[in-house]
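Q: I am new to this and would like to learn how to read a structure. Could you walk me through this one?

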Amino acid sequence: MSKLSYIQGDLFSAPDNSILVHACNTLGSWGGGIAIAFRENYPTQFQLYKAHCKAHGQELVGTCLLIPGDKHDIACLFTSRAYGRRKDTPAEILAATRTAVKDLQDKNTTNKALHACRFNSGKFAVPWNDTEAVLKPEQAAHIPQTVGTRN
């Protein structure tokens, strides 16, 4: 990724033909936080994500599922095995983030722009500064990434 850019706005208004990135569990649930909005806005991609989780389960941690879409592709970074009280530890989530982002870079063969929320910082409760620190060394791929903020 190239330098992270921060903008205030709606993630789902990102330019067409870009990739929307969010952190996911391996249980096939988009049931909390921004994942609910992903499920509502991209029901077909949700069904593909859910089937992928059912087929592969916990082996998905540290990988990325890149789901093509008409307007946006969806990048599911598998950063935790579960959610809620059973979510992985912050250290495990950050380690999985590192490898999942690398997997996304490898799968983004056309260098589409990436647009993300401050993933891991919501329902997975990992401070954004910690995730951001994991992303900075990965910036060598020169893929623009925009991180949306609400404030």
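Q: Which residues touch the most other members of the largest nonpolar core?

A: A nonpolar core is a set of buried Ala, Val, Leu, Ile, Met, Phe, Trp, Tyr and Cys residues joined through side-chain atoms within 4.5 Å. Buried means under 20% relative accessible area, exposed over 50%, and partly exposed in between, with a 1.4 Å probe and protein chains only. Here the largest nonpolar core has 39 residues, and V21, W30, Y49 and C76 touch the most other members. At least two core residues come from each of strand 2 (18-25), helix 1 (34-41), helix 2 (43-56), strand 3 (64-67), strand 4 (72-80), helix 3 (90-107), strand 5 (114-116) and helix 4 (128-135). Helices (H or I, at least four residues) and strands (E, at least two) are DSSP runs, numbered from the N terminus.

Q: Before we go on, what kind of model is this?

A: This is a predicted model: local features need pLDDT of at least 70, side-chain atom pairs count only at pLDDT 80 or more, and totals for chains, interfaces and linings use all residues. Residues are numbered from 1 along each chain as its sequence is written, and side-chain values use heavy atoms, with hydrogens and water left out.

Q: What is V21 in contact with, leaving aside its neighbours within four places in sequence?

A: Contact means heavy atoms within 4.5 Å. With those neighbours set aside, V21 is in contact with F38, A75, L77, L104, L114, H115, A116, C117 and F119.

Q: In what order do the elements run?

A: The chain has four helices and six strands. Starting at the N terminus, they follow the order β-β-α-α-β-β-α-β-α-β. Buried residues make up 46% of the chain's 151 residues.

Q: How do I read strand pairing, and which way do strand 2 and strand 4 pair?

A: Two strands pair if DSSP finds at least two bridges between them. Strand 2 and strand 4 are joined in the parallel sense over eight bridges; N25, for one, has S80 of strand 4 as its bridge partner. Strand 3 and strand 4 run antiparallel, with four bridges, and L66 stands opposite A75 in strand 4. These two, strand 3 and strand 4, form a hairpin with four residues between them. Strand 4 is mostly covered, as nine of its nine residues are buried.

Q: What about helix 4: which of its residues are buried?

A: W128, T131, E132, V134 and L135 are buried in helix 4. Down the axis of helix 4, these buried residues fall within an arc of 155 degrees, so they line one face of the helix.

Q: And what do the buried residues of helix 3 pack against?

A: They pack against strand 2, strand 3, strand 4, strand 5 and helix 4. Among the buried residues of helix 3 are I93, L94, A96 and T97.

Terms used: The arc is that of the directions from the helix axis to the C-beta atoms.
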